[in-house]
Amino acid sequence: MPDRYAVIGNPIEQSKSPFIHTAFAQLTGQVMDYSKLFAPLDGFAAAVDAFRVSGGHGMNVTAPFKLDAFAYATHLAPSAQMAGAVNAMKFEGDKVYAENFDGVGLVRDLVCNLQCPLQGRRVLILGAGGATRGALLPLLAEQPAELVIVNRTVAKAQALATLAYQHQTGKVPVTGVGYEALQGVFDVVLNASSSSLTAELPPLPASVFGTGGLAYDLTYGKGLTPFLKLAQQAGVTHLADGVGMLAEQAAEAFAWWRGIRPDTAAVIHKLTVPLV
């Protein structure tokens, strides 16, 4: 019998996780079955309980259940504690181990796949939600010169900046500002806001983009989003979306479950949508 894994969400049909993990299993010779699990909005715990009883080994967690998974877990990794959300669980008896691999997946895509070192660079991240919160410590561990969080609600950006500064292992300057207070040029601009999901343009001045830098949209599969189009018009030639982050966070979960880390290149190539 293959070991059973699943991704849980609502909706769930759009998830690429079964394709990704099945490909990883084939690449690494792992005997496992990976499926999609739809749960009612008020039925997360019951659905996970049933999956565990049926012999499930682990789960990925997608919207809107990352906070439910945080509450459900018995053992939270520091990454999950910092993010305040969970995107992967592992079941061992009555123990539920929980991780959040989004941030480390993002950094691995930036540094390894896109060849964009962060050390000594000015980094700007848009949004002060869960995606930003989960990315902060992995980003800061790369020792950028500065990290700025920008958000429409300034207090949220400032609160995240304070949290990140207190919990980082180094002393990277971290500030939270509103869009109207942005100053200077940034080497790396990351859109972790929800704007690209609704094809909206964040109120971002084009002057923040360094032409030799990178503009990265954490949303994937949307082509040239308004954010990326703004960067392109500002002269940025290095544009990327979050497909590599998706694959890398999945590879982290796979390695956590199976003890072997798959190569992600083929999966990234298969899922990439041209930025046009």
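**View 1. His21 and Asn60 meet through their side chains.** A polar contact of 3.1 Å links the side chains of these two residues, His21 and Asn60. A polar contact is a pair of N or O atoms within 3.5 Å; within protein, one must be able to donate a hydrogen and the other to accept it, and residues adjacent in sequence count only if both atoms are side-chain atoms. The model is predicted: local features need pLDDT of at least 70, side-chain atom pairs count only at pLDDT 80 or more, and totals for chains, interfaces and linings use all residues. Residues are numbered from 1 along each chain as its sequence is written, and side-chain values use heavy atoms, with hydrogens and water left out.

**View 2. His21 sits in helix H1.** Helix H1 covers residues 17–28. Helices (H or I, at least four residues) and strands (E, at least two) are DSSP runs, numbered from the N terminus. Is His21 buried or exposed? His21 is buried, with a relative accessible area of 1%. Buried means under 20% relative accessible area, exposed over 50%, partly exposed in between (1.4 Å probe, protein chains only). Leaving out residues up to four places away in sequence, His21 touches Tyr34, Asn60, Ala250, Phe254 and Trp257. Contact means heavy atoms within 4.5 Å.

**View 3. Six strands form an open sheet.** The strand order is S9-S8-S7-S10-S11-S12, and the pairing is parallel. Strands S9 (174–177) and S12 (238–241) stand at the edges; each has a single partner strand, so one side of each lacks a neighbour in the sheet. From one strand to the next, the twist averages 15°. Two strands pair if DSSP finds at least two bridges between them.

**View 4. Strand S8 runs parallel to S9.** How many bridges join S8 to S9? There are 4 bridges, and S8 spans residues 146–150. Val150 stands opposite Val177 in S9. Helix H7 (residues 154–167) packs on the sheet and touches S8 and S9. The direction of H7 makes about 170° with that of S9. Axes are lines fitted to C-alpha atoms, for helices over the stretch in contact, and angles run from 0 to 180 degrees between N-to-C directions.

**View 5. Ser195 lies in a loop.** The loop runs between strand S10 (186–191) and strand S11 (209–217). Ser195 is buried, with a relative accessible area of 8%. Its side chain makes polar contacts with the side chains of Asn191 (3.2 Å) and Ser193 (3.0 Å). Beyond its neighbours within four places in sequence, Ser195 is in contact with Glu200 and Pro202.
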